[in-house]
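These are my notebook entries on a protein chain that I looked up. I began with the sheet and then turned to one helix.

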Amino acid sequence: MSGFGPSDPFLADCPARLAVELIADKWTVVVLYGLSRGPVRHGELIGLIGGISRKMLTQTLRRLAAHGLVRRHAYAEAPPRVEYELTPLGATLIDPIHTLTEWARANGDAVLDALDAGSEPVAHDG
């Protein structure tokens with residue numbers, strides 16, 4: 001017996017699972033952090049983040065906007081200017097991102113040591 005019930009937080013259709021799936025994407029946390037100090041243009045985000053393609057950044061920003069975490073603002077100027085910023089909802093993720101960052105700083109060497117030690121993969125019951 002697993003001990004899980006229908007109201008447990010990580011089962012399908014639960015908000016906790018949705019949140020984990022959203023931030024588990026490779027670029028989500030990096031993009032959110034890149035927007036944490038205020039509005040940023042697409043090209044500035046590319047330079048700030050590094051290693052992300054324009055296409056992937058655009059896809060990530062669209063997904064975050066669809067989930068209500070990022071707002072896109074297009075200015076009626078010539079040449080056109082578009083900025084992205086966190087919504088109040090998106091800003092609520094910055095503290096948890098800082099917590100994960102501190103965990104990585106404190107434990108990153110231990111994780112790398114475990115990888116270097118060639119630890120055996122965990123067997124999964126199936």
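This is a predicted model: local features need pLDDT of at least 70, side-chain atom pairs count only at pLDDT 80 or more; totals for chains, interfaces and linings use all residues.

I counted six helices and three strands in the protein chain. Read along the sequence, the pattern is α-α-β-α-α-β-β-α-α. I then looked up burial and found that 25% of the 126 residues are buried. For contacts between residues at least 6 apart in sequence, I recorded that 44% join residues at least 24 apart.

Entry 3, the sheet. In what order do the strands of the open sheet lie? I read the order as β1-β3-β2, with antiparallel pairing. β1 (40-41) and β2 (70-75) are at the edges and have a single partner strand each, so one side of each lacks a neighbour in the sheet. I next examined the pairing of β2 with β3, where six bridges join the two antiparallel strands. Within this pairing, I noted Val-82 of β3 as the bridge partner of Ala-74.

Entry 4, between β2 and β3. I followed the chain into the loop between these strands, where Pro-79 is found. The peptide bond leading from Ala-78 to Pro-79 is cis, and I recorded its omega as near -5 degrees.

How many aromatic pairs does a search of the whole structure find? My search returned zero. I did, however, find Arg-81 over the face of Tyr-75, at 3.7 Å from the ring centre.

I checked the span of helix α6 (residues 94-116) against expectation. At 1.5 Å a residue, its 23 residues should span 33 Å, and the end C-alpha atoms lie 31 Å apart, which agrees. Where does α6 bend? I located the bend at Asn-107, and its angle is about 55 degrees. After α6 comes Gly-118, for which I noted a positive phi, near 65 degrees.

Which residues of α6 are buried? I listed Ile-94, Ile-97 and Gly-108. I recalled that an α-helix has 3.6 residues a turn, so residues three or four places apart point the same way. I then asked what covers the buried residues of α6, and the cover includes α2 (28-34), β3 (81-86) and α5 (88-91).

Methods. Residues are numbered from 1 along each chain as its sequence is written. Side-chain values use heavy atoms; hydrogens and water are left out. The expected span of a helix is 1.5 Å times one less than its number of residues. The bend at a residue is the angle between axes fitted to the seven residues ending there and the seven starting there. Buried means under 20% relative accessible area, exposed over 50%, partly exposed in between (1.4 Å probe, protein chains only). Contact means heavy atoms within 4.5 Å. Rings of Phe, Tyr and Trp (its six-membered ring) pair if their centres lie within 6.5 Å; planes under 30 degrees apart count as stacked, over 60 as edge-to-face and the rest as tilted. A charge sits over a ring if NZ of Lys or CZ of Arg is within 6 Å of the ring centre and within 35 degrees of the ring normal. Two strands pair if DSSP finds at least two bridges between them.
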